[in-house]
Amino acid sequence: MHSVIFDCDGVLVNTEAIVVDIEIAAMAELGVTYDRDAYIARYVGCSEEDFEAGLDADHRAVHGGGLPAGFMDALEARRVRALEREVAAIDGVREFAASLDCPRAVASSSRTPVLKMKLRKTGLAPLFGAHVHGGSDVAHAKPAPDLFLRAADGLCADPADCLVVEDSVYGVTAARRAGMTAWGFIGGGHCPDGHGRGLAAAGAERVFGSYAALSAAYHERAFA
C-alpha cells in the first residue's frame with residue numbers, strides 16, 4: 001500500500017470510549033434508554049447529521065415528539081468539555097504513524113473543527129499536516145466514499161493503493177466503496193464483543209486489537 005488513511009475517533013484517539021457514555025446518559029435523562037452494544041453498532045462512525053436524525057427518531061418513538069430545542073447543542077458542548085479534559089492518543093498509534101514512510105491522512109465523520117482540536121490536543125496533528133478531512137468537508141459522510149476519495153486526492157494517491165484503518169462498519173463500508181483496502185481496528189476501548197466480526201463482514205481484510213499487531217502486519221506486508 002502506498003498511502004495510509006486513518007479514521008480518527010476510536011482509531012487515533014480514545015474519543016469513542018468517552019463520548020458514547022455521555023451520549024447514552026444524555027438520552028437517558030430524556031427517558032430514552034439504550035443497550036450500549038446496540039448503540040455502538042448503530043451510531044459509532046455515522047455522520048453528525050445521521051446521528052442527530054437517529055436520536056430524534058428514537059425520542060419520537062418514546063415520547064411522540066422530537067428532541068427538545070437546544071439538546072444537540074448542549075450535548076455537543078458536553079462532549080467537547082469532556083474531550084478537552086480527557087482525550088488521548090490510542091496506545092501505539094503515534095509510533096506506528098511516525099514509522100510510515102508513505103503519505104498519510106485522516107478522514108473522519110467528525111465536524112472538521114472538532115476533529116482538528118482532537119488531533120491538536122493529542123499532539124498528533126503534525127503527523128498529518130494539511131491532510132485532515134472531516135465530515136463538514138464533503139456533501140456525503142460515511143458510509144459514502146466521499147471522505148476517503150477526498151483524502152486520496154489530497155495525497156495524489158490512487159484509491160486502489162490506499163489502506164484505511166477503521167473501527168466502524170460505516171467506515172469500512174465507505175473504504176470498500178472507495179475501492180480501498182480496509183483494516184479493522186478494535187483497540188480503542190469501546191468495541192463490544194463481536195465488533196470485529198462485524199467489521200470483517202463489512203469488508204475489512206484483517207482486524208486488529210492493538211497497534212503492535214497492526215504495525216507488525218503492515219511492515220511485514222510492506223516489505224515482503
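Colleague: What covers the buried residues of helix 2?
Modeller: This is a predicted model. In it, helix 2 spans residues 36–43. The cover over its buried residues includes helix 1 (15–28) and helix 3 (48–63).

Colleague: Which residues of helix 2 are buried, and why do they count as lying on the same side?
Modeller: The buried residues are Tyr 39, Ile 40 and Tyr 43. They lie on the same side of helix 2 because they cover an arc around the axis of only 100°.

Colleague: Which side chain reaches a backbone nitrogen at the start of helix 2?
Modeller: The backbone nitrogen there belongs to Asp 37.

Colleague: Is His 190 buried or exposed?
Modeller: His 190 sits in the loop between strand 5 and helix 9. Buried means under 20% relative accessible area. His 190 has 1% relative accessibility, so His 190 is buried.

Colleague: Which side chain makes a polar contact of 2.9 Å with that of His 190?
Modeller: Leaving out residues up to four places away in sequence, His 190 touches Gly 10, Glu 16, Ala 17, Arg 36, Ile 40, Val 44 and Asp 167. One of these, Ile 40, is a buried residue of helix 2. The side chain in the 2.9 Å polar contact is that of Asp 167.

Colleague: What do the buried residues of helix 8 pack against?
Modeller: In helix 8 (residues 169–177), the buried residues are Gly 171, Val 172, Thr 173, Ala 174 and Ala 175. They pack against helix 7 (146–154), strand 4 (162–166), strand 5 (181–185) and helix 9 (195–202).

Notes: Residues numbered from 1 in each chain as written. Predicted model: local features only at pLDDT ≥ 70, side-chain atom pairs only at ≥ 80, totals over all residues. Heavy atoms only, no water. Buried < 20%, exposed > 50% of the residue type's maximum accessible area, 1.4 Å probe, protein only. Helix = DSSP H or I, 4+ residues; strand = E, 2+ residues; numbered from the N terminus. Arc of directions from axis to C-beta. Contact = heavy atoms within 4.5 Å. Polar contact = N/O pair within 3.5 Å; in protein donor to acceptor, adjacent residues only side chain to side chain.
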